[in-house]
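Have the coordinates open as we talk.

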Amino acid sequence: MTDTPRIAVVLPRNMTFGPVGATSIDLCAHDLVSFSRYRDTTTIVAEELDTPFEGFDLRLYPRKDRRRRNAILRDLQPDLIVVHQHVPTAAQMRRRFPNVPLVVHRHNFLNPPKGRLSRWNHLRRLSHVDALAFVSEACARKFALDWPSADCLVRAVPNGLDISSWHPVDVAHRDKTILYAGRVDENKGITLLARALFPILEANPDWSADLFLVDAASAPDLMHDIDKLAATFPDQCRIHHGAGHSNVRDALCRAAIAVVPTVKSEAFGRAALEAMAGGAALISSRIGGLDEVIGDAAIGLDVVDTASITTALDSLMHSSERRHALYAKGLARAAENFDIRMSAARMDQIYEAFL
């Protein structure tokens, strides 16, 4: 092993490793590599896209062309391979690179088996993995409970942000805006929020809503309430499709309130972390990994429905003192617990266990 080991980071299919359209997986990989002590000897292997992130050793291959991907890895001859999310891909890598350590970075829960055959098949794949890095302690704990016989290193490496690049506006000068950023997905609670905003915007004409939507085209049925909201309040409700991450970050640094109304167990909750880093007073569900992200720095929703969202919004909109308190708590929690430098150091420690 050399003093400067070569690391290959392999992104799964259908990712968008670029400033427009990046998923949370893309952003996580971007940030961890950026602040890794191995950045200069790390290569990111991903599917082709028009405008990728700059400043990385990036090797792109045609979409779904596994042969080309594997050829790139053969040319790289890495000392360690990191596969984001997809355990079956890691198992395939083991057959092609039997002597190279394999780390899988999971961005959600690894579900328990549905039967004996499923358990056997999953354990067979996991036997090819040297380490599993989960994005939250909640994911790591559940894996330990569901897969007690799995024999690999398991660690939690939370998503992190470069807090120094976030510049939140002072709480006294923030826009009277309610912000949502995420997929148009029933599990994300976007339709519950849209329904809550009807009475809120009608009763408060000095407030507005900014909805940064992802994958709207794939969910036309869910867009009904959102489109109706925008048509009812054309001067108060702004819909943003395909906005770049920098646009969302700038909006979070100005918005008074952000809402993360997830209704299905969330592995981590990057949207909540970004809201806190931006200084927006946060309303969030506590499901899954979200609870360890928000702590006491948000209004936590134990029950997520239209009524609970409406009540939480009303309480914040009419209390600048409460918004100020959450502004301060959110900024402090993001900086103390989720700075990317700490997360990158944790991931580097996993690498070093095999390098």
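Predicted model: local features only at pLDDT ≥ 70, side-chain atom pairs only at ≥ 80, totals over all residues.

Q: Where should I start with the cysteines, and how many disulfides does a search of the whole structure find?
A: Begin with the general idea: a disulfide is a covalent bond between the sulfur atoms of two cysteines. In this structure, the search finds zero disulfides.

Q: Are C139 and C237 buried or exposed?
A: The cut-off to keep in mind is that buried means under 20% relative accessible area. C139 has 1% relative accessibility, so it is buried. C237 is buried as well, with a relative accessible area of 6%.

Q: Let's turn to helices. How do I read the packing of α6 and α11?
A: Take the distance between the axes and then the crossing angle. Helix α6 covers residues 190-203 and helix α11 covers residues 306-317; their axes come within 9 Å and cross at roughly 50°. That angle makes α6 oblique to α11. The crossing is right-handed.

Q: Which residues make the contact between α6 and α11?
A: On the α6 side you will find L192, L193, R195, A196, L197 and I200, and on the α11 side T306, I309, T310, L313, D314 and M317. Sorted by class, this contact has eight nonpolar, two polar and two charged residues.

Q: What is the arrangement of α6 and α7?
A: The axes of α6 and helix α7, residues 223-232, come within 9 Å and cross at roughly 20°. Angles under 35 degrees count as roughly parallel, and α6 and α7 are therefore roughly parallel to each other. Their crossing is left-handed.

Q: Which residues of α6 and α7 meet?
A: From α6 come I190, T191, A194, R195, L197, F198 and L201, and they meet D225, I226, K228, L229 and T232 of α7. This contact divides into seven nonpolar, two polar and three charged residues.

Q: Could we zoom in on one residue: what is T191 in contact with, leaving aside its neighbours within four places in sequence?
A: T191 lies in helix α6, and with 2% relative accessibility it counts as buried. Beyond those sequence neighbours, T191 is in contact with E186, L222 and D225.

Note on methods
Residues numbered from 1 in each chain as written. Heavy atoms only, no water. Disulfide = S-S within 2.5 Å. Buried < 20%, exposed > 50% of the residue type's maximum accessible area, 1.4 Å probe, protein only. Axes fitted to C-alpha atoms, helices over the stretch in contact; angles between N-to-C directions. Helix = DSSP H or I, 4+ residues; strand = E, 2+ residues; numbered from the N terminus. Parallel < 35°, antiparallel > 145°, perpendicular 65-115°, else oblique. Left-handed = near helix turned anticlockwise from the far one by under 90°. Contact = heavy atoms within 4.5 Å. Nonpolar A, V, L, I, M, F, W, Y, C, P; charged D, E, K, R; others polar.
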